[in-house]
Structure formats: C-alpha cells, structure tokens
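Please look at the sequence and the structure before reading on.

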Amino acid sequence: MVTRRQFILSAAAMAAGPLTLGACSSVTLNENYKAAARRTWRHDESRIHDSSLLQRELVRYATLAPSSHNTQCWKFHIEEQAISVLPDLARQCPAVDPDDHHLFVSLGCATENLIQAARANGLKGEARFNATAAGGIKINLEPARADVSPLFQAIPERQCTRAEFDGKPLSTGELSLLEHSGTGDGVRVLFLTEKAALEQVLEYVVAGNTAQMNDPAFVEELETWIRFNGDEAIRTGDGLFSGTSENPSVPRWLGSLLFGMFFTKKNENDKYTRHIRSSAGIAIFFSESNDRARWVEVGRCYERFALQATTLGIRTAMLNQPVEVSALRPQFATFLGIGSNRPDLVVRFGRGPRMPQSLRRPVQSVLV
Ligand SMILES: Cc1cc2nc3c(=O)[nH]c(=O)nc-3n(C[C@H](O)[C@H](O)[C@H](O)COP(=O)(O)O)c2cc1C
C-alpha cells in the first residue's frame, strides 16, 4: 500500500526527474546501487591461503555488521595473529547516543561477524575488551578446525528490515533458538508476543520518538546520516539510504526540503504503529551492568540473534527510542520488570519482504 508520504515523495521524485541530470535517471541509479549492493553483500567462495589476505577478508565480514545510523563507527588494526576492533570517534552520534552505548554495541556486532568468519576459515577467535587505551576489542586468532556455521552463511543475507511484517506468530521452537542465540555473558533477551504487551511497547516507542523529534539536535544529526539517493549512498558507502526505508531516491536538496516537510511526529508514529502491529513479537536485550564491555557483549548477542533469525527466514528491525531517551529508560525497565538491569535494544521480528540492503565502506578505508 502506498502511504501519503510515499506518494508525495514519489510525485516529488518524478517532478524532480529532469533536474536529476539526464545521466542519472532513476533506473540507471537503481542499477548502480544494485551492483554496489551485490559487491558488498557476498561470500568469497575461494579458499584464501595467504594469512594477511585472509585477515582483510575477516575485516570485510566484520564491516557487514549493523551499526547505529549505519555510521560504521569502527576501525580495524591487523597484527600477526590478532585483529583489533577500535571505536572511530569521528563517527559518534552525540544527539542519539550521548554515552556511546550504540557505538560500542555496533563494535560488538562487528566482533561477532569477525569471529564467525574466522571460525569458518579455520581460526578460533577469542575476544577481549580493552578497558584502557582507546577501549577497543582485541581478537586473538589461533588455528582451529574450520567450521562453516549457518550463522556465518547468513552474514551476507542479514539486514535490518524497515517494512511491515506479516503479523503471524513464530513457533516456540523458533523462539527458543532465537533466545539461545541472543543470550550471553550478563546479557539476556526477553520476548513480548502478546498483543497487549506490544501495544504497551508501542506507547513507549511513540513517547520516545516524540521526544526525539522535539529535539532539533536529534533531527539535524539524523538528517546528516540520510542518503537521499543511490549516488550519495554509493559515494559515502555509509548512512541510511532512503531506498532501505521504502522511500524513493531524490536529489539531496529536494530530500532535505521534503524531510523538513514530511518527517513529522504523526507520520513517524503512524509508521511505528504499523510496524509493531504487524510484528510477531518484540525482543528486548538487557544487561546486568552498564559499561562498555557489556555493551560490546550486547552487540555480539544481538548479532547472533539476527543471524539466527536470518537462517530461519525471520526478519528483524530495531525501534530503540524507549532505550535511547534517557528519561524514559528507567520507566521502560520497570514496565519490563527487569529491576536495575539496563534495557539495551528493542527489536521487532516477524516474516516480511526483503528490502534493499545498505552499503559499506571498503576495507582499506577502515584499516589503521
Ligand atoms: C546499536 C544499534 C542501534 C540501532 N538503532 C536503530 C533504530 O533505533 N532504528 C532503526 O531503524 N535502526 C536501528 N539500527 C539499525 C541500523 O540503522 C542498521 O544496522 C544500519 O542502517 C545498517 O543497515 P543493515 O543492518 O540493514 O545492514 C541500529 C543498529 C545498531 C547496531
């Protein structure tokens, strides 16, 4: 179904057609984007024997992890038998993520991908958080029997799917597989599947979204990470491409104009209502301590959960407003009955369409 917002954006995109400079018709753009996405989201079928090439390949798999606003807030340092995942502080998002929680969760997601890819290539990865220095994660790599796990196989298929799902419940078997994958050291995952509970989460999402949209710094920061068309997304290799959220490509000047006009509390809250009501359930990741090492662990748990879901044909998407708005977080924890644990991530899941995948920067631009 085409929403009013999509209709207006589409109409604007058509109107803007001649202005998008002949060579860049939406069809050509689309093909360019598809080709870039194919280059990004792939397995390398050849067996790599050269250890430095293999380590670069492990870094490539790590970069396929999710990150808040697709900032790809990571850098990688390769040593002889280790790879460090380091925060890229130039890619912080102070408005949505003032304490760097999401940044370190994102590093955890990248760490998990790297360890899964290492195992598939005959290397056992042992991750240790370095609380001193820049606060990165050092992954020591030792030769081991190669194990090509279904989670590894799922890496190029995973995505955060910003679409309506089909509303059908998951089986208890599926839920227990997801729970197992999403649990870790001091990190647990709670499932809400009853309609009444989902409606209550929706209230928190709407309250959080409303607070964020009332904050000019949040809106401004978000806009800097939006890529309004495929060319922009290809050029930067990062950010939130409009096509991944069911929005058409428009030139940046028009995108900014339309963003100002149609990125409204009502439109966004209506979208979240449809998204939550069409989901099979919501998973809440929560942890027993509130520090960077644990946030990394949350990321590792979330990534295993998302990869496990992908193997089962289940889609996932985040709605983190209730945990991002610090004034809401304690109330949300009380509602969840998790005591003094920190609720870290809010993730809806269900079956739904595959959406265009986001892009990544090349390996050489994340190596230090
Ligand atoms: C810590 C973290 C927080 C995120 N929060 C949200 C969110 O609140 N809403 C959302 O739509 N996506 C959220 N995302 C998803 C990212 O936007 C997504 O991973 C990124 O755009 C790349 O897309 P991909 O995961 O499909 O490759 C979050 C991701 C991470 C790792």
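The text below covers the protein as a whole and then the surroundings of the ligand.

The model is predicted: local features need pLDDT of at least 70, side-chain atom pairs count only at pLDDT 80 or more, and totals for chains, interfaces and linings use all residues. Residues are numbered from 1 along each chain as its sequence is written, and side-chain values use heavy atoms, with hydrogens and water left out.

The protein has 14 helices and ten strands (DSSP runs of H or I with at least four residues, and of E with at least two, numbered from the N terminus). Its radius of gyration, 20 Å, is close to the 21 Å that the globule rule gives for 368 residues, so the protein is as compact as a globular protein of that length. That radius is taken over C-alpha atoms, and the rule is 2.2 Å times the number of residues to the power 0.38. Of the 368 residues, 55% count as buried, meaning under 20% relative accessible area with a 1.4 Å probe, protein chains only.

Around the ligand there are 19 residues, and the closest are Cys160, Arg162, Asn320, Ser358 and Arg360; a residue belongs here if one of its heavy atoms lies within 4 Å. Helix H4 (residues 101–120) gives the most to this shell, with three residues. The table lists polar contacts, which are pairs of N or O atoms within 3.5 Å.

| Residue, N or O atom | Ligand atom | Distance |
|---|---|---|
| Ser67, backbone | oxygen | 3.4 Å |
| Met318, backbone | nitrogen | 3.2 Å |
| Arg360, side chain | oxygen | 2.7 Å |

Taken alone the ligand exposes 620 Å², and the protein buries 91% of that (Shrake-Rupley method, 1.4 Å probe).

Note on methods. Polar contact = N/O pair within 3.5 Å; in protein donor to acceptor, adjacent residues only side chain to side chain. Buried < 20%, exposed > 50% of the residue type's maximum accessible area, 1.4 Å probe, protein only.
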